[in-house]
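Q: I am new to this structure and would like to go through it step by step. Could it be shown here before we begin?
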Amino acid sequence: MPIAIELSRIITKDLDAEQVIYLKEVGGTRGFPMLIGEFEAKTIERRVKGFVPPRPLTHDLIVSIVEHLGGQLQDVVITELKDQTYYARLRIRHNGELIAVDCRPSDAIAVSLCCNPRLPLYIEEDVLNDVLRYQQ
């Protein structure tokens with residue numbers, strides 16, 4: 001059963017290629033950091049701060065394409081942690097069918113922030129348990 005999570009913090013460092021976001025359980029105490037790339041971190045940070053670019057950026061383009069093709073972005077699910085790499089699915093409803101598209105969690109989170117309202121974020125419970133065990 002997926003657990004609802006939210007972006008709780010983002011730390012960007014100008015001289016580092018890897019940035020950090022913190023995700024936490026909605027209404028709970030469990031949370032974890034995730035390393036992401038600089039471009040995705042900057043996109044996420046700008047959206048969190050309310051900046052909307054004058055022209056569509058890559059993640060805006062994804063939202064626009066899905067909507068123009070008749071799909072509805074539904075949510076993001078972090079599905080796996082393998083070899084210290086997270087995997088996610090961006091779930092899209094189209095013609096009554098739920099389509100799960102493999103993507104990096106950082107891209108899916110950036111896409112979720114480009115939606116109005118923002119897409120819900122989830123993590124599979126076994127993945128969250130693995131992350132928390134790994135942190136200890």
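Q: Is helix α3 buried or exposed?
A: Helix α3 (residues 105–114) is largely enclosed by the rest of the structure, because ten of its ten residues are buried. Buried means under 20% relative accessible area, exposed over 50%, and partly exposed in between, with a 1.4 Å probe and protein chains only. Helices (H or I, at least four residues) are DSSP runs numbered from the N terminus.
Q: Which residues of α3 are buried?
A: Among them are P105, D107, V111 and C114.
Q: What kind of model is this?
A: The model is predicted; local features need pLDDT of at least 70, side-chain atom pairs count only at pLDDT 80 or more, and totals for chains, interfaces and linings use all residues. Residues are numbered from 1 along each chain as its sequence is written, and side-chain values use heavy atoms, leaving out hydrogens and water.
Q: How many disulfides does the structure hold?
A: The structure holds zero disulfides, a disulfide being a pair of cysteine sulfur atoms within 2.5 Å.
Q: Is C115 buried or exposed?
A: C115 counts as buried because its relative accessibility is 9%. C103 also counts as buried, at 19%.
Q: New topic: where is I65 found?
A: I65 is found in helix α2 (residues 58–68), and it counts as partly exposed because its relative accessibility is 42%.

Conventions: Helix = DSSP H or I, 4+ residues; strand = E, 2+ residues; numbered from the N terminus.
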